[in-house]
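Please have the sequence and the model open while reading.

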There are 2 protein chains.
Amino acid sequence: MRTGTRKEEIVVEASKLFKEKGYSAVSVRDIAQVMGIKAASLYNHIDSKQEILALLIMELAREFTEGMREIRQRSETPLEKIRAVIEMHIDITVSRSEALAALNNDWMHLGEEDRVEFVRMREDYEENFRQVIHKGIQEGEIRNLHPEVILFSILSTLRTLYLWYQKRGKLDVNVLKKDMVAVLIQGIV
Amino acid sequence: MRTGTRKEEIVVEASKLFKEKGYSAVSVRDIAQVMGIKAASLYNHIDSKQEILALLIMELAREFTEGMREIRQRSETPLEKIRAVIEMHIDITVSRSEALAALNNDWMHLGEEDRVEFVRMREDYEENFRQVIHKGIQEGEIRNLHPEVILFSILSTLRTLYLWYQKRGKLDVNVLKKDMVAVLIQGIV
DNA sequence: GTCTATAGTGGGATAGAC
DNA sequence: GTCTATCCCACTATAGAC
């Protein structure tokens with residue numbers, strides 16, 4: 001981000017297009033068009049189309065990884081940690097849904113190096129979440145259901161929240177957090 | 001499917017590639033290669049790349065729509081209907097994960113006509129699900145939480161189940177159904 | 001910082017021989 | 001049913017003028 005604001009503008013506009021059609025279906029001409037310039041001019045600010053994707057995804061992935069590590073080492077009960085994870089996801093969803101879309105759907109189009117690091121971070125994240133769930137089951141705070149089912153029920157809901165937050169939009173964030181925590185933890189009955 | 005088996009083979013192989021990289025990142029040359037033939041030869045069996053996508057998505061979308069309508073008109077309680085929807089999704093996930101991936105991620109690359117029909121079917125599906133949840137809340141069978149939060153918590157979990165069913169794979173389908181119903185309906189505590 | 005021009009590659013799809 | 005050859009177009013990216 002040395003060049004500052006123009007580059008960031010490109011990343012922001014590109015991310016909107018990526019969310020709509022996916023990284024591969026968006027051309028640098030498309031990005032240039034919404035910026036109001038020619039495709040060639042983009043290359044004064046970025047090195048490649050792939051760099052835009054990496055800027056979007058890798059920063060967010062590091063944020064999730066760091067957030068999870070921080071929550072993990074708190075002196076709270078497993079259930080309180082799960083609540084914190086849910087709230088972190090909601091905060092990120094509300095403020096950065098385009099980056100989230102790219103992270104979910106287009107990580108496989110990262111360059112080799114970033115992709116390897118991304119997969120490592122994602123596995124690290126899931127493993128930390130898994131440990132929290134295990135501990136909760138051991139301590140009797142969480143029901144003894146298949147931990148993988150619990151893990152992915154919660155994660156898949158959180159990961160795809162960006163898809164409908166805006167549509168059904170402008171649900172108050174605190175209401176959303178409260179009800180989402182209730183649904184995911186206590187169920188619907 | 002007039003031509004029968006060869007065309008279906010193409011759709012099957014293409015769907016695997018679409019799941020990995022997304023429709024737009026897969027070329028007809030890629031598809032031809034895994035079939036062991038040249039790209040031009042594909043066109044003796046299909047009219048276009050887009051036709052493959054439509055065959056994959058539209059059939060499955062109709063199946064979901066029909067399945068939901070059938071469940072909706074049963075003489076069961078709302079909660080039993082939700083259980084039935086969950087089990088339908090799991091059955092489809094287990095047997096057709098590639099088509100499900102295309103339906104989730106690549107529907108926007110359908111031709112205009114199919115895309116309009118697809119969106120209509122998806123809205124119809126969600127509206128039916130919404131009505132079931134509303135009825136459950138009215139009758140006191142379901143907790144009085146924001147219905148949209150309930151709807152999308154369940155739907156997003158079911159829709160992305162295909163992403164991890166194989167990895168964590170070979171979980172017995174009946175165990176999966178049991179635990180998934182338990183997690184989604186009764187929560188984890 | 002943006003432009004025009006263009007290189008170089010690969011895309012979807014068709015024609016016609018076998 | 002598959003092939004070779006090819007069309008035409010869109011893609012990412014670069015060079016160099018302004």
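Q: How far is a phosphate oxygen of DNA strand C from an N or O atom in the side chain of A:Arg6?
A: The model is predicted, so local features need pLDDT of at least 70 and side-chain atom pairs pLDDT 80 or more, while totals for chains, interfaces and linings use all residues, and side-chain values use heavy atoms without hydrogens and water. Residues are numbered from 1 along each chain as its sequence is written, with chains lettered from A and ligands numbered from 1 in the order written. For the side chain of A:Arg6, the distance from an N or O atom to a phosphate oxygen of DNA strand C is 2.7 Å.

Q: How many residues surround DNA strand C?
A: A residue is near the strand if one of its heavy atoms lies within 4 Å of it. Among the closest are A:Asn44 and B:Tyr43. The number of residues surrounding DNA strand C is 15.

Q: What rotation superposes chain B on chain A?
A: Copies are superposed by least squares on the C-alpha atoms of residues with pLDDT of at least 70 in both. The shift along the axis is 0.0 Å and the RMSD 0.0 Å, and the rotation is 180°. The two copies are thus related as by a two-fold rotation axis.

Terms used: Polar contact = N/O pair within 3.5 Å; in protein donor to acceptor, adjacent residues only side chain to side chain.
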